[in-house]
Amino acid sequence: MASDGAPESASGDGSVPPPPPPPEPDAPGLGEQVGATRDAAKRMIGAHVELARAEFGDIGDAIKRAAALIGVAIGAAIFAGLLVAIGTPLFLGEWIFGSIGWGILLGLLLMLAIAVAAAVKAVDTSSSWGIGRTFLAAAVIGIVVGVVLGLDLTNRAWTAVGDAVAANIDGSYRPLVVGAASLAIIAGVLGLIAGASRGGVGAGVAGLVGGAIAGALIGVLTAIATGPRVGAAIGVAVGLIVWVALMGTDVARHGVDTEELKHRFWPERTIEVTKETIEWARERMPLMRKS
């Protein structure tokens with residue numbers, strides 16, 4: 001008997017035997033394995049989705065940043081182009097002709113002439129309208145006007161005429177008065193004759209008034225001592241205006257061949273071939289008669 005209530009030894013040497021091993025857990029069933037596999041797959045897919053979402057978010061931020069920078073670059077390029085397109089005529093007008101106003105006016109006239117030339121070329125089906133020919137004629141006229149006004153030849157001529165026929169008028173504005181009055185009378189008479197011969201009395205009066213106004217303006221322009229810069233600017237402006245007028249006159253004289261334009265921009269061959277194909281198909285595959 002062991003004293004003090006101690007358990008008796010299972011062996012003779014007094015040692016305590018080890019406790020029995022715990023029972024092994026039961027193997028999971030097929031359903032548990034499938035569920036565990038499904039949960040693991042869900043967690044793996046969720047991890048991949050979260051990774052892709054984070055990565056695409058970073059990519060989206062990078063795209064936004066790149067798009068913003070590209071937009072800034074495009075905007076700067078457009079602004080630079082506009083600055084050059086607008087600033088160049090102003091600079092040339094100030095540098096060559098002594099005024100930014102001439103740069104604006106000549107730039108507008110140049111753009112107008114280019115627009116008219118492009119439109120004329122677009123509707124010129126027979127290549128019979130002379131864009132180059134009219135440009136050369138207008139360039140010659142502009143050069144002549146620029147040289148004459150730049151050398152003050154007309155001012156000197158009107159000064160001489162005024163000294164001869166209107167010596168009583170103040171010499172400071174004598175060429176202006178003589179030039180405006182003389183050309184107003186001459187242009188008014190020519191307008192009266194031209195208007196009356198074409199449209200009667202009413203057209204004659206209109207020709208008289210219009211001719212007188214135009215003649216007076218030309219007289220004022222030719223009587224002013226413009227100097228080389230302003231004379232050259234007027235010559236360029238006159239050349240561009242004459243170019244536009246000559247192109248318009250050429251179009252009015254030749255007319256626009258609407259039939260040729262229709263033939264150029266209408267798919268006639270395709271329509272004819274399609275019609276022939278439909279007729280061919282109808283001949284070989286006739287529709288069944290309704291009973």
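**Ground rules**

I am working with a predicted model, where local features need pLDDT of at least 70, side-chain atom pairs count only at pLDDT 80 or more, and totals for chains, interfaces and linings use all residues. Residues are numbered from 1 along each chain as its sequence is written, and side-chain values use heavy atoms, with hydrogens and water left out.

**Confidence**

I began with pLDDT, the predictor's confidence in each residue, from 0 to 100. The protein averages 81, and 81% of the residues score at least 70. Where is confidence lowest, and where is it highest? I found the lowest mean, 68, in helix 7 (residues 258–265), and the highest, 91, in helix 3. Residues 1–6 have a pLDDT below 50, and beyond near neighbours in sequence this stretch has 2 contacts in the model; a contact means heavy atoms within 4.5 Å. I remind myself that where pLDDT is low, the predicted coordinates should not be read in detail.

**Fold**

I noted 8 helices and 0 strands, both taken as DSSP runs numbered from the N terminus (helices H or I, at least four residues; strands E, at least two). Along the sequence the pattern reads α-α-α-α-α-α-α-α. Among contacts between residues at least 6 apart in sequence, 72% join residues at least 24 apart. I also checked burial: buried residues make up 20% of the 291 residues. Here buried means under 20% relative accessible area, exposed over 50%, and partly exposed in between (1.4 Å probe, protein chains only).

**Pockets**

Next I searched for open space. On a 1 Å grid over the protein atoms alone, a pocket is an open set of points where a 1.4 Å probe fits, with protein on both sides within 12 Å along at least five of seven lines; lining residues have an atom within 4 Å of a point. Grid points are joined across faces, edges and corners, and the volume is the space filled by probe spheres set on the points.

The largest pocket holds about 280 Å³. Of its 15 lining residues, Pro 89, Leu 92, Leu 106, Gly 107 and Leu 110 are the closest to its centre. Helix 1 (30–96), helix 2 (100–123) and helix 6 (227–254) each give two or more residues to this lining. I counted the lining by class as 11 nonpolar, 4 polar and no charged residues. In this scheme Ala, Val, Leu, Ile, Met, Phe, Trp, Tyr, Cys and Pro are nonpolar, Asp, Glu, Lys and Arg are charged, and the others, Gly among them, are polar.

The second largest pocket has a volume of about 180 Å³. Its lining includes Phe 135, Gly 142, Gly 235 and Trp 243. The elements giving two or more residues to that lining are helix 3 (131–150) and helix 6. By class I got 8 nonpolar, 4 polar and no charged residues.

**Ring pairs**

How many aromatic pairs are there? I got 2, using rings of Phe, Tyr and Trp (its six-membered ring) with centres within 6.5 Å; planes under 30 degrees apart count as stacked, over 60 as edge-to-face and the rest as tilted.

Phe 91 and Trp 95 are stacked, because their ring centres are 5.7 Å apart and their planes are at 20°. The two sit 4 residues apart in helix 1, so about one helical turn separates them. Phe 91 is exposed at 52% relative accessibility, and Trp 95 is exposed at 55%.

Phe 135 and Trp 243 pair edge-to-face, 5.0 Å centre to centre with 70° between the planes. This pair links distant parts of the chain, with Phe 135 in helix 3 and Trp 243 in helix 6, 108 residues apart. Is Trp 243 buried or exposed? I read 10% relative accessibility, so Trp 243 counts as buried, while Phe 135 is partly exposed at 41%.

**Single residues**

Val 144 is in helix 3 and partly exposed at 46%. Its C-alpha atom is 7.4 Å from that of Gly 235, 91 residues away along the chain.

Most residues other than glycine have a negative phi. Asp 152 is in the loop between helix 3 and helix 4 (153–165), and at 18% relative accessible area Asp 152 is buried.
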